[in-house]
Amino acid sequence: MDSVLSEESSEWEDNDETEIETDEDDDSGAEMDEDKENYEDDDNDGDDEEDPNNSDDMEMEELTGKEEAKKGNGTEKLSAAALCVAVGSFCDPEDLPGLAHFLEHMVFMGSLKYPDENGFDAFLKKHGGSDNASTDCERTVFHFDIQQKYFKEALDRWAQFFIHPLMIRDAIDREVEAVDSEYQLARPSDANRRELLLGSLARPGHPMKKFFWGNAETLKHEPKKSNTDIYTRLRDFWQHYYSAHYMNLVVQSKETLDTLEKWVKEIFSQIPNNGLPKPNFGHLTQPFDTPEFYKLYRVVPIRNVHSLSIAWGLPPQERHYRVKPLHYISWLVGHEGKGSVLSFLRKKFWALALYGGNGETGFEQNSTYSIFSISVTLTDEGYEHFYEVAHVVFQYLKMLQKRGPDKRIWEEIQKIEANEFYFQDQADPIDYVESLCENIHIFCKEDFLTGDQLLLEYKPEIIADVLNQLCPVRANLVLLSAASKRKCHLKERWFGTQYSAEDIDKYWRDLWASDFPLNQDLHLPEENKYIATDFALKASDCSDTKHPVRILSTHHGCVWYKKDNKFKIPKAYIHFHLISPLIQQSAKSVVLFETFVNILSHKLAEPAYEADVAQLEYKLVSGEHGLVIRVKGFNHKLPLLFQLIIDQLSDFSFTPAVFEMITEQLKKTYFNILIKPEMLAKDVRSLILEHGKWSMIDRYRRLMKGLYTESLSSFVKGFKSHLYVEGLVQGNVTSRESKDFLNYVVLKLQFLPLPHPCPVQFRVVDLPNTHLLCKVKTLNRGDANSEVTVYYQSGARSLREYTLMELLVMHMEEPCFNFLRTKQTLGSELVDKKIEEFLLYFEGRMRLLTEKAFRTQVSALIHIKECEDSYLGEEVDRNWNEIMTQQYLFDRLAHEVEALQSLTKSDLVDWFQAHRGKERKALSIHMLKNLYKNIDVLCLNEIRELSIITQMYFKLSHEPSKIKCCLTALGNVMLLASSPGQESCETSYGSSKFGFTVAGGAVLLICGRGKDACPQEKSLTPQRGFVRGCSASNKQYWILHTQQERYLGAGAYGY
């Protein structure tokens, strides 16, 4: 059992690459399991456009939840509220960029009625709630959720931020630092960089040219130089724009509508209304109709990726929401079936993915314009032919223009969207109210609930008008590739993006200005055979059960089943885990497995795409111990999709060209993960703690050595020869149908049972009773962010230990955030010390904890665990997690509630103090941009036992020893160092103490038992370990390889 305290430079998450990928409905394909934290199955629809600049080309997924889904099978649901102010960053003053974003922060720093700076957050955490806010171009949204019992009080506390926020002058500098941290986190995002670069191309005077993020320069240093009183300007901005008539409010709770209306009038009627005209930017049309926009921009990305983005600036399209012309066009442009752009490009080996449409963010859709963009993830060969790639896109668009809107296609889209709408899973209240309060600003009253999802009117003239504007001569081209670096001599001011601007090549410019011929391989998709038409609920063919039951078990595998009689929707989930011991045999086998899964996904993309757009979704995940196949959607046609996947797996084959394309892309994927500090931190932590797991670093190094097609063929043959298959089928299906899924897998794959069971969890190293510190240099030189993670280990997992830890986190979360961020705004070098100071402070708070406060927190945690699921997928996730980890405790939440009810205040206090004493086990991992310069990286490169890539090196300290030592546990490897003049260097590991005595240049290894240094031996035998050394600068480094490891066993984990 482990826990982690982590401090990043910002609270805003950067979504540039991995999330690390939650199971989004609109995203089918192959993924690789990178870690096992935070897996959830999100059944909410995404935007039309999924920009490849926002996600890895081959995404990495965290497969099983180390922190289980919190909700259970209860009947209670959290209450929620959202307020949208129709004012955003477009209203920033010219001399104070980022002021709207800064105000979003400052209004929540206490109110006149509730002056405690963090009182609202503390109140929410105490009662199982959460809150957040965001600033867009023309809207700022605030939202929260909480237990129903405390909803009215929370509304009153929340409303005060809009009635009379304190915005105290003393908090300004601290909160500017918080905004600056968010800016620093945003800088290494390729998607953010592209937005800012395109925004800079707008006409002079258009608000899109502004710098919306804000940072210390714009909100602190520049105002000081110009004697601008930012506090006065901030209050003026609030008084001018945070007016009641600019606001929309949505509340959701189980009280009656009359009660909720009464509360709203009583609580929110005091929000001031200044009666001023609403800000309007609708007159600033065609901001991108400029010579600067119609060019080719070469951009150096953060990630290792080739991509081509083609964008058009269109008149604002929000008013056409009933027709949704951009949705219609993006549906066709983004199609992956026969006759599509991507199908053609894949056959040429020029592209891996294509996304088209409008993301409906403030940048892409506002009152002055709409952006339509098409982004293509290119192969290395595709990068060399990027003009040809653009030409294929333009040929497809010209075909659409000549044919005109197709009513059959529009009605097919309408039918699919209507099916999904009428049988949609219930959204989380906090997500629903947030979406609804924004809809109120956009749609007519009768369309508030449906306007963002349904196609309501077919007007071909509106669609044709938009289509005809998507011509080559009005397009902006952005080519993203590190290969362009030598040509990119310009630098964007705020994010430092390297780029160049050039006219479109004359040959292509002239061709695109002419009546160029169509491509006969490009055509409209055929009628979709996967659209569901049978929505009947099936009768049970066996006894109903509260939890999944194993209905079929053989030597080949087993299947678990549960009929859905709660949500009563015509949908099903089919999950299977094909377990093989081959995968973790070596780093090479892991890479071969991930290559295999990605090629399989590549081959499935075209035949499975029709099912995907018909809301039948699939996901292939290269898990740590097997191939995971997840299929979900309307049950009517779902078996067809499942059988298609198994058939492709059974008949798997590949060409050398596909193999080369996928492995090259896999190199980029690994690299793009390792350059993110938070991902590298997880990988290093896993490398240190999880025995037998091959890290991303190991995989990257092995892939860079090269692979052969023969190796993949041999691996796939071995993988399919011996398996154990475990599945879960849940939803509107019968037990007989569920058995058929397993039988089909066995029949098609013709595999033999495993001779021995294959464990599905890694053993975790039992850390020594001390605090270890590992410092790692980040790999991205352009990323100024650092990350500190402190991992606390608590022994083998048990329900009681887990609930104690969850309860402690609930007590700790808000004061920890307040202490480390709001009051300190620290740099990474001080975070470890500040975390320790916080724990000392928190220890004092725990001693003063009242019985009432303890019981309140226990009740809040129980309430969360008993809160009802919003949709079937949440229940499936929990059940699948139990199967994936082979724990099978399907009523875990009930057991955790029982454990919570038995806890006392002294249990919690004693448990916390026990982990603060001399016996504590802690590991700090620092991801830093700059390390101490006296470390010579060449030394570590000579030490082959360190599984680390050459760009990364360590500065490690062993505390609390007075002697400055260096230590890291990497599997079964430890690194120690001594400085000139230092007479000895020692460390404890397990029950032994190891040390070096430096005497006249000679190095003697001392091994002792327990606390007493007992120099029984001067050296270690090969069976006990070995020592190896080298010099670097003015330090001596040694590797100690020892067999004295201890393990916690399966079930210990970190989150």
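Predicted model: local features only at pLDDT ≥ 70, side-chain atom pairs only at ≥ 80, totals over all residues.

A: Two packed helices are described by the angle between their axes and the distance between the axes. Here the axes of helix H17 (residues 587–613) and helix H19 (residues 656–674) come within 10 Å and cross at roughly 115°. The crossing of H17 and H19 is right-handed.

Q: Which residues of H17 and H19 make the contact, and how do they divide into nonpolar, polar and charged?

A: From H17 come Val591, Glu594, Thr595, Asn598, Ile599 and His602, while H19 contributes Val658, Phe659, Met661, Ile662, Thr663, Leu666 and Tyr670. The contact of H17 with H19 comprises 8 nonpolar, 4 polar and 1 charged residues.

Q: How is a sheet to be read, and what is the order of the strands in the open sheet of 7 strands?

A: Strands of a sheet pair through backbone hydrogen bonds, either parallel or antiparallel. In this open sheet the order is S10-S11-S9-S12-S8-S14-S13, and the pairing is mixed. Strand S10 (351–357) and strand S13 (490–491) are the edge strands, each pairing on one side only.

Q: Which strands does S9 pair with, and over how many bridges?

A: Strand S9 (residues 306–314) runs antiparallel to strand S11 (residues 370–378), and 9 bridges join them. Within that pairing, Ser309 stands opposite Ser375 of S11. S9 also pairs with strand S12 (residues 476–480), in the antiparallel sense over 5 bridges; there Ile310 is opposite Leu477 of S12. S9 is mostly covered, with 8 of its 9 residues buried.

Q: What is the sense of the pairing between S8 and S14?

A: Strand S8 (residues 296–299) and strand S14 (residues 498–502) are antiparallel and share 4 bridges. Ser500 in S14 is the bridge partner of Arg298.

Q: Which helices lie across S9, S10 and S11, and at what angles do they run?

A: Helix H9 (residues 325–333) lies across S9, S10 and S11 and runs at about 10° to S11. H19 also lies across S9, S10 and S11, running at about 65° to S10.

Q: Where is the place of Thr545, and what does the side chain of Thr545 reach?

A: Thr545 is in the loop between helix H16 (506–513) and strand S15 (549–553). Its relative accessible area is 32%, so Thr545 is partly exposed. The side chain of Thr545 reaches the backbone oxygen of His547 at 2.8 Å. Thr545 and Lys562 are 17 residues apart in sequence, with a C-alpha to C-alpha separation of 6.8 Å.

Q: How many helices and strands are there in the protein chain, and what percentage of its residues is buried?

A: The protein chain has 30 helices and 34 strands. Of its 1055 residues, 62% are buried. Among contacts between residues at least 6 apart in sequence, 83% join residues at least 24 apart.

Definitions and conventions. Residues numbered from 1 in each chain as written. Heavy atoms only, no water. Axes fitted to C-alpha atoms, helices over the stretch in contact; angles between N-to-C directions. Helix = DSSP H or I, 4+ residues; strand = E, 2+ residues; numbered from the N terminus. Left-handed = near helix turned anticlockwise from the far one by under 90°. Contact = heavy atoms within 4.5 Å. Nonpolar A, V, L, I, M, F, W, Y, C, P; charged D, E, K, R; others polar. Buried < 20%, exposed > 50% of the residue type's maximum accessible area, 1.4 Å probe, protein only. Pairing = 2+ DSSP bridges. Polar contact = N/O pair within 3.5 Å; in protein donor to acceptor, adjacent residues only side chain to side chain.
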